[in-house]
Amino acid sequence: MEIKELLIEYAADNALTADGFDNAVIGLSYDGLFVYDIDDCVSILVEDGMSLLEAEEYMDFNVLNCYMGEGTPLFIYQKKWEQKIRVI
């Protein structure tokens with residue numbers, strides 16, 4: 001059984017998915033909701049033809065701020081903070 005099949009099998013009944021971001025799924029939350037890596041989602045949008053800025057804005061306005069009820073997927077930055085923050 002593939003990992004995606006296992007995730008679907010163990011996901012909560014009300015768990016929703018984010019269309020077009022299947023390859024950005026990194027797992028399930030403790031309550032069975034799908035969890036996505038934000039950077040991977042942005043990369044998918046860039047691969048589909050958006051600029052990096054367009055992809056980041058799209059994620060901010062159309063995905064991350066979208067609430068679809070109790071089954072709304074979770075989006076996280078998976079990378080370590082040291083990689084995200086430039087130390088001065």
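View 1. The chain exposes about 6,600 Å², and carbon and sulfur atoms supply 53% of it. Such accessible areas come from the Shrake-Rupley method with a 1.4 Å probe; for residues, only the protein chains shown count as cover. This is a predicted model, in which local features need pLDDT of at least 70, side-chain atom pairs count only at pLDDT 80 or more, and totals for chains, interfaces and linings use all residues. Residues are numbered from 1 along each chain as its sequence is written, and side-chain values use heavy atoms, with hydrogens and water left out. Buried residues make up 31% of the 88 residues. Here buried means under 20% relative accessible area, exposed means over 50%, and partly exposed lies in between (1.4 Å probe, protein chains only).

**View 2. The order of helices and strands.** The chain holds four helices and three strands. Along the sequence they follow the pattern α-β-β-α-α-β-α. Helices (H or I, at least four residues) and strands (E, at least two) are DSSP runs, numbered from the N terminus. Among contacts with a separation of 6 or more, 41% join residues 24 or more positions apart. Contact means heavy atoms within 4.5 Å.

View 3. Two strands pair if DSSP finds at least two bridges between them. Strand 1 and strand 2 (residues 34-37) pair in the antiparallel sense over three bridges. Gly27 stands opposite Val35 in strand 2. Five residues lie between the strands in the hairpin of strand 1 and strand 2, where Gly32 takes a positive phi near 85°. Strand 2 and strand 3 pair in the parallel sense, over three bridges.

View 4. The bridge partner of Val35 in strand 3 is Leu74. Leu74 is partly exposed, with a relative accessible area of 36%. Not counting residues up to four places away in sequence, Leu74 touches Ser29, Phe34, Val35 and Tyr36. Leu74 and Ala18 are 56 residues apart in sequence and 9.6 Å apart in space, C-alpha to C-alpha.

View 5. Helix 3 (residues 52-64) bends by about 25° at Tyr58. That bend is the angle between axes fitted to the seven residues ending there and the seven starting there. Ala55, Met59 and Val63 are buried in helix 3. An α-helix has 3.6 residues a turn, so residues three or four places apart point the same way. The cover over the buried residues of helix 3 includes helix 2 and strand 3.

**View 6. Thr72 in its loop.** Thr72 lies in the loop between helix 3 and strand 3. Thr72 is buried, with a relative accessible area of 12%. Its side chain reaches the backbone nitrogen of Met68 at 2.7 Å. The side chain of Thr72 also reaches the backbone oxygen of Gly69 at 2.7 Å. Leaving aside neighbours within four places in sequence, Thr72 is in contact with Leu16, Leu33, Cys66 and Tyr67.

Methods. A polar contact is a pair of N or O atoms within 3.5 Å; within protein, one must be able to donate a hydrogen and the other to accept it, and residues adjacent in sequence count only if both atoms are side-chain atoms.
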